[in-house]
Amino acid sequence: MMRRQLTWFIVVGCAAAATHWLLVVLLVRHGLVPLAANPLGWFGAFWVSWGGHRRLTFGAVDAPLRQALPRFFVVSLAGFVANEAAYAVLLAGTGLRYDLALGLVLVGVAVATWLLSRHWAFAGRRRGH
């Protein structure tokens, strides 16, 4: 069960991270500064992440929607706050391009998101048990 969850978490997380990254790059190319584009990228990626994790990663867990959605939003928002802070530090303190800095931050936040999602946001009993 955990191997399946982890596999789907990676697949869905990669899709959400790609959505986030692509939205930021597109918005920056259209005139937004990276730190202003980042929240919009996160918001778009949130829905990719929510849908994928609800159906695929944690689909076998019977966590009620009224519990899981707000908890997952809190996990995602906390991850975004960490993301934005780390992104600001990397942009101000290094010579990294904005897109590479964002990629590093997205990967770094993914581990905490996995742990909080698995053990809190989608906590519940497995279906059929």
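## Surroundings of His20. Leaving aside neighbours within four places in sequence, His20 touches Asn38, Gly41, Trp42, Ala45, Asn83, Leu102 and Leu106, where contact means heavy atoms within 4.5 Å. His20 belongs to helix α1; helices (H or I, at least four residues) are DSSP runs numbered from the N terminus. The relative accessible area of His20 is 4%, and the residue is therefore buried (under 20% relative accessible area, with a 1.4 Å probe and protein chains only). The model is predicted: local features need pLDDT of at least 70, side-chain atom pairs count only at pLDDT 80 or more, and totals for chains, interfaces and linings use all residues. Residues are numbered from 1 along each chain as its sequence is written, and side-chain values use heavy atoms, with hydrogens and water left out.

**View 1. Packing of α1 on α4.** The axes of α1 and α4 lie 10 Å apart at an angle of about 145°; axes are lines fitted to C-alpha atoms, for helices over the stretch in contact, and angles run from 0 to 180 degrees between N-to-C directions. The crossing of α1 past α4 is right-handed, that is, the near helix is turned clockwise from the far one by less than a right angle. Among the α1 residues at this contact are Phe9, Trp21 and Val28, and the α4 residues include Tyr98, Gly103 and Trp114. The contact comprises 13 nonpolar, four polar and two charged residues (Ala, Val, Leu, Ile, Met, Phe, Trp, Tyr, Cys and Pro count as nonpolar, Asp, Glu, Lys and Arg as charged, and the others, Gly among them, as polar).

**View 2. Helix α4.** A bend of about 30° occurs in α4 at Ala110, taken as the angle between axes fitted to the seven residues ending there and the seven starting there. Buried residues of α4 include Asp99, Val105, Thr113 and Ala121. Its buried residues pack against α1 (2-29), α2 and α3.

**View 3. Packing of α2 on α3.** Helix α2 (residues 34-57) meets helix α3 (residues 65-93) at about 145°, with the axes 10 Å apart. This crossing is also right-handed. Its residues divide into 16 nonpolar, five polar and two charged.

**View 4. Nonpolar cores.** The largest nonpolar core has 14 residues, of which Phe46, Trp50, Ala68, Phe72, Ala121 and Phe122 touch the most other members; such a core is a set of buried Ala, Val, Leu, Ile, Met, Phe, Trp, Tyr and Cys residues joined through side-chain atoms within 4.5 Å. Helix α3 supplies its largest share, four residues. Another core, lying apart from it, has nine residues, including Val24, Ala37, Val105 and Val109.

Note on methods:
Helix = DSSP H or I, 4+ residues; strand = E, 2+ residues; numbered from the N terminus. Buried < 20%, exposed > 50% of the residue type's maximum accessible area, 1.4 Å probe, protein only.
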